[in-house]
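Colleague: Please take a close look at one part of this model and say how it is put together.

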Amino acid sequence: MPSPTLPLDSTSPASSDSAAYAIEFEDVHIDFEDNEVLRGISFRLPFGETKALFGVAGSGKSTILKLALGLMPPDSGRITVLGQDVTQMRERDLFALRGKIGMVFQESALFDSLTVSENVAYRLMEEHGVYSEEIEARVREALRFVELEHTVNMFPSELSGGMRRRVAIARAIITQPALLLYDSPTGGLDPVTSNTIIELIMKQRDVYKTSSLLVTHRLQDAFTMAIHQFDQTNNTLRALPRGQYCDVPMSFLILREGKVIFDGDIRQLAHTKDEYIREYIS
Amino acid sequence: MELTSPMEFAKQKVQAVQDYTFLAAQSLGNLFRKPFYFADMVRQADLIGVGSLPIVVLTGFFTGAVLAVQSANTLQRFGSIALIGQLVALSMVRELGPVLTGLMVAGRNASGMASELGSMVVTEQIDAMRALGTDPMKKLVTPRIVATVFMLFFLSILSDVVGLTGGSFVSTVLLSLDAHEYWSKAWQSLVFEDVFMGLIKPVLFGFIISTVGCFYGMTARGGTQGVGRATTQAVVAASVLIVVTDLFVTQFLMNVMSYK
């Protein structure tokens, strides 16, 4: 399905010169009420790459996103995001870092007392204080990107689940962040709406080269992303020939019982010998 | 339902007091750190202050009126019915005006804050706010505290005036007393210590109402049921704290100002 482009600055997103990776987890542990959710997680997300996180419910996928944002501290280990060690930062210093990161929450987490335009403009309003014409224009651009320009004056309660998820994406990308975190963006949605959202995520990956971490339960979404590329000329997805699957910056990370059991690209995933993973992806 | 051990229960309570103290201290510290969110303060002042006007006016008027009705009977026995203005003025300004206004505003706004913030917590809106680079303590808690303290101060003054008017209404219409005498006795009986005590209390009560409401909201857990529980607890805790604080503040001020 063709979709409009986002006429923002389409240069490569800001990447910290001092950092080799957008995200780096080193031996991260966390437990909740004696239940050890993450048991020494280590992985790296290179700049410009999208990494899909898999695991059964309760395996700590959403926790990884919240840890990366500094919304909760780990019990031990080190987390570096855009070159900054979030485990050593004070809450008030984290706010500046979070300004460079976009997050799409599982249930959208839109502010229900604000209109769609106010939700999308939230970050810009916080920066500039007043709702100017420039902000209005950028809000419309972001909403056009997710094909929801007509909802500008509606409240979140008036939107469907899929529309809310797309507004959440618009809110996350309006400042063109260096890093995007998606928490089950297609969870509970119908296949058509899911495809639209995956297309938006791919467009962000292939056109704006944004690094992202994608938590999902839908393997087909991640496989679609691994074997397709967003064609900016035609505004559609283009299937890659079999030999070029690794040309797109896409990788997979699978969690089991609080540990990483797989971290690699689609070719490595297809050739894995691990019985659990083979059963998981079959 | 799982039973909690006494030690665990005590730990939870101490933790809650610590968290509450931290929230109150942080919200005060935010008064001196940018951004200040003046627009949010004005919006909250409108919701809390202007929105509470009807209940404060009604409560104040009828409290003053019933105070006059009740005391008239006793004063008449001692032939001191002319002192009714003095009695209503002292009772309203020193005690009933601030306390009843505080309790009314606690019932209306501590519950409102707890339910609004609690709903935002359980729907991840607070996390979203933090993720978008905004400090929810600055954006949501501090404006509510400033607005409640500021507006409760003026609401208490209004309650005092309306209460005196209620007493005046009963004195003139039901007891056929002279209105001029009522007001002059009321005015002459008040000294600086009375007014000071009546004005310091709403500041403390406003702080209690808003911090307790925000604390229960920000710590709400367990979906809609948890929000409901937080709302009830906020009203109960704020009301009890107001009454308890009132006793200690009254005693303290009387000692400090050597006032009887």
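The part I mean is chain B. What percentage of the contacts in chain B with a separation of 6 or more comes from residues 24 or more positions apart?

Modeller: The share is 88%, where a contact means two C-beta atoms, placed from the backbone, within 7 Å. This is a predicted model, in which local features need pLDDT of at least 70 and side-chain atom pairs count only at pLDDT 80 or more, while totals for chains, interfaces and linings use all residues. Residues are numbered from 1 along each chain as its sequence is written, and chains are lettered from A and ligands numbered from 1 in the order in which they are written.

Chain B contains 8 helices and 0 strands (DSSP runs of H or I, at least four residues, and of E, at least two, numbered from the N terminus). The pattern along the sequence is α-α-α-α-α-α-α-α. The C-alpha trace of chain B spans about 65 × 45 × 35 Å along its principal axes. Of the 260 residues in chain B, 44% are buried, that is, with 20 or more other C-beta atoms within 10 Å of their own.

Helix α3(B), residues 84-122, is mostly covered, with 31 of its 39 residues buried. The helix has a kink of about 55° centred on Met92(B), the bend being the angle between axes fitted to the seven residues ending there and the seven starting there.

The crossing is right-handed, the near helix being turned clockwise from the far one by less than a right angle. From α5(B), Leu164(B), Ser168(B), Ser171(B) and Thr172(B) meet Ala179(B), Tyr182(B), Trp183(B) and Ala186(B) of α6(B). This contact has 5 nonpolar, 3 polar and no charged residues (nonpolar: Ala, Val, Leu, Ile, Met, Phe, Trp, Tyr, Cys and Pro; charged: Asp, Glu, Lys and Arg; polar: the others, Gly among them).

Chain B also touches chain A: 11 residues of chain B are in contact with 14 residues of chain A. On the chain A side, α2 (91-98) and α3 (116-128) each supply at least two residues. That side divides into 8 nonpolar, 1 polar and 5 charged residues.

How values were computed
A residue is buried if 20 or more other C-beta atoms lie within 10 Å of its own, exposed if 12 or fewer, and partly exposed in between; C-beta atoms are placed from the backbone.
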